[in-house]
Amino acid sequence: MEKNTVGRVKLWKIILPVVLGLGWVAWMIWREFDPAVFESIRFTWRALLFVLIAFVFMAGRDLGYIIRLRLFSRNDLGWRQAFRITMLWEFTSAVTPSAIGGTSVAIVFVHKEGVPVGRSAAIVMLTSFFDELYFALLFPVVFFIVGGDRLFGGPMGHQLMLFATIGYGLKLAYLLLLSYGLFFNPRGLKWLLVRLFSLPGLRRWKAGAVEAGNGIVRSAIEIRRYRPLFWLQSFAATFLSWSSRYLVANALFMAFFTLSDQFLVFARQLAMWIMMLVAPTPGGSGFAEYIFTHFLSDVIPAGASVQVGAAAVIALLWRLVTYYPYLIMGVIILPRWLRRSFGCRPEEQTPSSVVGPDIES
């Protein structure tokens, strides 16, 4: 990996998602303001306990990712290295649109921790494979258990179901394409990618497509060595990671209300993360808070006049637990990582430096 694979993203790319998310929540609380909301949302000892449980679930989410990185690297990555990669990966995802995420630059993170390029590509591809496999398997299961009418209930049910269907279709298509390349015909998939990005209008990304194709070929060679136990352990770690993330919302709702259907909240979180794939904003900011508020407000056991306002407050807490900590960790870890990995001068290490798709020469 050359030094020019790393660039800078201006500071506004970090500030923008914060402004979008906080601004939308503030506007929604002001719009739906009702003193009764703050009679329902009280920070008692019970609330503090469940907020702490929410942070424990997020720790479980990161632990699952760290375990996977160690599994995929055959324990060549230490716990501290896997933690550092996870934080950088999540930080990159937080400052790029959801459809881009941090996967496009994760190979750099892994490689600079001492893993050869081929194995780094395999680790990143396997991470994507298991993430998409989780969604592809679980979404139909929760859909049929909960039922479409309950899962996509409310006045925006049809629109939200359309978003979820599009997101699931994209994830399933990516999973099938990745599976074909990793397990059946890696060189054929590379050829297809290169041909696709040779078309007019897509040629500017051809070099990236060639690199991605090379990564798929290297990954396919690497994963042929893995045994069945490896696949079971990897999916178990994936299940721990994503399920823990969804349970954060359950804990935050329980901080203030007694819910009658915990599984419905879990199922809607799964559907919501699939919808966020089509969000154009960094980390889904604004879009995530909007969907959370309107998609989950009806589970709150309170009057209709209170539900949206209360859901907006919980949405803010939800992002404080699941999103903003990664921005903070990224700003802390990234400058040191750049200095150690690329020998950047201290004056080059600003909070706006980040490995990302918008690269400045």
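Predicted model: local features only at pLDDT ≥ 70, side-chain atom pairs only at ≥ 80, totals over all residues.
Me: How many helices and strands does the protein have?
Reply: There are 15 helices and 0 strands. Both are DSSP runs numbered from the N terminus: helices are H or I with at least four residues, strands are E with at least two.

Me: Why is Val313 called buried?
Reply: Buried means under 20% relative accessible area, exposed means over 50%, and partly exposed lies in between, using a 1.4 Å probe and protein chains only. Val313 has a relative accessible area of 11%, so it is buried. Val313 sits in helix H14 (residues 304-322). Val313 and Ile41 are 272 residues apart in sequence, yet their C-alpha atoms are 8.0 Å apart in space. Across the protein, 53% of the 361 residues count as buried.

Me: And why is Trp45 called exposed?
Reply: Its relative accessible area is 74%, so Trp45 counts as exposed. Trp45 belongs to helix H3 (residues 45-72).

Me: What makes Trp45, Leu48 and Leu52 a nonpolar patch?
Reply: Patch residues have over 30% relative accessible area and no salt bridge; nonpolar side chains (Val, Leu, Ile, Met, Phe, Trp, Tyr) are joined within 5 Å, and like charges within 9 Å. A salt bridge is a side-chain nitrogen of Lys or Arg within 4 Å of a carboxyl oxygen of Asp or Glu. Trp45, Leu48 and Leu52 form such a patch on the surface, with about 390 Å² of accessible area together. Areas come from the Shrake-Rupley method with a 1.4 Å probe, and for residues only the protein chains shown count as cover.

Me: Why is Arg74 called partly exposed?
Reply: Arg74 has 39% relative accessibility, so it counts as partly exposed. Arg74 lies in the loop between H3 and helix H4 (79-94). Although not a glycine, Arg74 has a positive phi of about 55°. In that loop there is also Asn75, whose phi is positive too, near 65°.

Me: Is Glu90 buried or exposed, and which residues is it in contact with?
Reply: Glu90, in helix H4, has a relative accessible area of 8%, so it is buried. Contact means heavy atoms within 4.5 Å. Leaving aside neighbours within four places in sequence, Glu90 is in contact with Arg61, Arg245 and Tyr326.

Me: What makes the pairing of Glu90 and Arg61 a polar contact?
Reply: A polar contact is a pair of N or O atoms within 3.5 Å; within protein, one must be able to donate a hydrogen and the other to accept it, and residues adjacent in sequence count only if both atoms are side-chain atoms. The side chains of Glu90 and Arg61 make one at 2.7 Å.

Me: What makes H12 mostly covered?
Reply: In H12, 12 of the 14 residues are buried, among them Phe266, Arg268 and Trp273.

Note on methods. Residues numbered from 1 in each chain as written. Heavy atoms only, no water.
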